[in-house]
Amino acid sequence: MTRYLCIHSHFYQPPRENPWLEEVELQESALPYHDWNARITAECYEANACSRILDDKGFITDIVNNYVGISFNFGPTLLSWMERHDPKVYRLIQDSDRFSQEKFSGHGSALAQVYNHIIMPLANRRDKETQVIWGIRDFEYRFGRKPEGMWLPETAVDLETLEILVEHGIKFTILAPHQAKRIRKIGETAWQDVTGAKIDPRRAYACKLPSGKGVTLFFYEGPIAQELAFGTLLNNGETFANRLLSSAPEQLSEAQLINVATDGETYGHHHRFADMALAYCLHYVESKKLAKLTIYGEFLEKHPPMYEVEITEKTSWSCVHGIERWQNNCGCNSGAHPEWSQAWRKPLREAMDTLRDKLAAIYQKDIELYFSDPWQARNDYIDLVLDRSENSVDDFISAHATRSISAKEKIVALKLLEMERHAMLMYTSCGWFFDDISGIETVQVMQYAARAIQLARDLTGNDLEPEYIAKLVEAKGNLADYPNGAIIYEKLVRPMESTLVSVGAHFAIMSLFNHNGFNTNGDEEENELYCYTLHNDDYELITSGRNKVIIGKTGVKSKITLEEATVNFGMLYMGEHNLLGGVAPALRDEEAYALMKKEIKSAVMKGSIPEIISLIDRHFRTHDYSLKHLFKDDQRRILEQIVANTMKDTEAFFQQIYERYDPLMEILNEAKVPMPKALTAISGFILNNTLLKIMESDEFNAANLISLNAIIGEIKRRPVELDKNSLSLSANRAFSHLMERLMVAPRNEKALETVAGFIKIFTELALQPELWQAQNICFFLAQQTYPEMKKKAEAGDPHAKSWEKHFRELSGYLRVHLESSP
């Protein structure tokens, strides 16, 4: 009988968005990328969409889309981020599912996932239902079809979860082998014990549920999954393939399903270049016809279950104690700090459970004033999460409201629904998975809890925070700076909290630096700022020497809850980082507002800084707002701008010194006399800075190459230490732009010559380039343009001959094999 091979990859990142901004902020630990989503997308998600197959000399012979040949699921919150921030990779993943349907008898490679990766057996039934419904609706929105299977976070399972999957049309899920309890052939009465991972994973199993319904379960090859995750199996694609095939001898009488499941990040993020091992494994198996590639849906259609199984409830794939890793100090951890305790998990779980129940009571009591079925409304709220447009909101309200509701009531209803959304986000499993309560994943779930608490306070006046923090005191950490959850909440969570007033403050400060292209004219055009819109009712900039003062009022509106407010602001900027100001809810008395403006303007005209500060204090009761109140990304941009402006003077001064003493440095070099450290430092600063400026020019061209080569000549004559990290980043960007221009005009010989010249720059400066995107373009041109230009060259076309010569140099540098081109 046929051997089938199915490799499943669970691609997932926890939601990382700032709950008040709905965007992921800068994460320094992910540098040089903006955040971990961006970094792992580059290392893994994009890499698997364009993975390389190499020949024995390390040259690229093919670039393939791994997703088309495997089974996979992506976390909905990750795809939501990707849709906004990396639409190219997002579309490649969507296309993969469509292409796979042609390969696998109409079945798509993609599976759905429980929405935000909560541990299902630890959730109440209502939350389980919402998580499954949201996961299915999100999948339908992104892949345009109903899902056949659904991934359970950490494969954590109980019978109630399986019942809910079946109720919503899910046909199968995937579990670890140790989660099976006993099996028997369908129609027989005797059960066979398979505890301890003794189940045969090479077939599908029917699982009868208490309701009388059933679901199909697949159990993956546990030992191979362990080797993939923690061993060296991915060092070689052929070894990977042979290890998989070894688990199913060809001589058996029934169809054999070799299936393995791991975190998708195994292929590229946890193990660098492992996407290539996966690509070659699939290629090796398929080209040599060693097994038929399949996915679970196709195999299930062709080979329905002949055996039934009972599961061990409340188990998972990543905790040998069941599901204790997400509620107790069971001993499961990363292993990085064996002396640390995870006793904090239990009080954190208890704090979240208590908060969830109190929030649910508020939600049900208040939403019933507007909606007939509170929990059906919450289940359907995913439609608004996916589409926040005005029409979508109106359709949602019309579908659920028991009567006509006012604009104010609509805001209340949306805030209640948002409160419940954050009450589910705060259960994202990563919050309990790692070693210490101060980890970024745990801080993130606390932020979601804080946002839910804030919404409850706004809606009811009842503050749930003191009780929540009191419980966090019991969650003891392992670090002296963060001894318990309450301290962490105060230091890392509370400072994140935003209001419409603080958003108005951010806008006012940013407008002083003219960032984000803010419109300050007070016309009909609105400003976009994260999940808010802003409209200036009044804005005036007054300058006095180097000092700037802005006074104004702006309307701030949440695109999520539609809540809005008007705020007044007064800001004094005295250059560099010296900024202070006040922001407050708008004065209703227009005469009082006009008087405030008049008094502050008068003080500015007099140039009296103390008087300006005194007036801001009097009218806003504070002048506490400064650069430290900016949201993280904009704060970084503003500070970099200030530093850059400051460095212009330094650069000009150093340039004068460099030019003045250049002849002396030349003589010292010729005489082999050691150069003074001060001159060496200044030379390094000037030459590195000049290289960076040339590489970062908007339109890099042949003239830039001449300039670069001239600077490289100077560097060779100086004992200069290059800033290779910064230069590599800039060079990579410049090279990518050149390759993109070549892609647009592939027959342009000048463009190709510039690319070839830039390659020599990499060599001269001994930089470590990131050639991935360039290789993709080169491979495409090798398939589409090279054959045509080669024929013309062979026919004697001089332009084509020159083009072919340069392209061969390029492909050789990028290690793209040309002879395989059609």
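Select Ile 183 first: it stands opposite Gln 192 in β9. Before going on, know that this is a predicted model, where local features need pLDDT of at least 70 and side-chain atom pairs count only at pLDDT 80 or more, while totals for chains, interfaces and linings use all residues. Residues are numbered from 1 along each chain as its sequence is written, and side-chain values use heavy atoms, with hydrogens and water left out.

Strands here are DSSP runs of E with at least two residues, helices are runs of H or I with at least four, and both are numbered from the N terminus. Two strands pair if DSSP finds at least two bridges between them.

Now show β8 and β9 together: they pair in the antiparallel sense over two bridges. Their hairpin has six residues between the strands, and there Gly 187 takes a positive phi near 100°.

Next, pick Glu 308 in β14. On one side, Glu 308 is the bridge partner of Ala 206; Arg 184 also stands opposite Glu 308. The strands behind those pairs are β10 (205-208), which runs parallel to β14 (307-311) with two bridges, and β8 (180-185), which runs antiparallel to β14 with five.

Contact means heavy atoms within 4.5 Å. Axes are lines fitted to C-alpha atoms, for helices over the stretch in contact, and angles run from 0 to 180 degrees between N-to-C directions.

## Stop two: an antiparallel sheet

Jump to the open sheet of five strands, ordered β17-β18-β19-β20-β21 with antiparallel pairing. β17 (527-529) and β21 (579-585) stand at the edges with a single partner strand each, so one side of each has no neighbour in the sheet. On average, neighbouring strands of this sheet are turned by 30° against each other, direction ignored.

Click Gly 552 and you'll find Phe 569 of β20 opposite.

- α20 (590-606) lies across β18 (532-544), β19 and β20, at about 150° to β19.
- α21 (609-620) packs on the sheet, touching β19, β20 and β21, and its direction makes about 165° with that of β20.

One more click: Glu 576, in the loop between β20 and β21. Glu 576 has a positive phi of about 55° although it is not a glycine. For context, most residues other than glycine have a negative phi, and most peptide bonds are trans.

Select Leu 31 and Pro 32, and check omega: the peptide bond from Leu 31 to Pro 32 is cis, near 10°. Pro 32 is in the loop between β1 (3-11) and α1 (36-49).

A hairpin comes next. β2 (51-54) and β3 (60-64) run antiparallel, joined by four bridges, and Ser 51 has Val 64 in β3 as its bridge partner. Five residues lie between the strands, with Gly 58 in the turn at a positive phi of about 85°.

Then show α4 (125-143). Its 19 residues reach 27 Å from first C-alpha to last, close to the 27 Å expected at 1.5 Å a residue; the expected span is 1.5 Å times one less than the number of residues. Just after α4, Gly 144 takes a positive phi of about 70°.

## Last stop: a helix pair

Finish with α27 (772-784) and α29 (798-814). They pack at an angle of about 135°, with axes 10 Å apart. α27 and α29 are therefore oblique to each other (angles under 35 degrees count as roughly parallel, over 145 as roughly antiparallel, 65 to 115 as roughly perpendicular and the rest as oblique).

For the contact, select Ala 774, Gln 775, Cys 778, Leu 781 and Ala 782 in α27, which meet Phe 807, Leu 810, Ser 811 and Leu 814 in α29.
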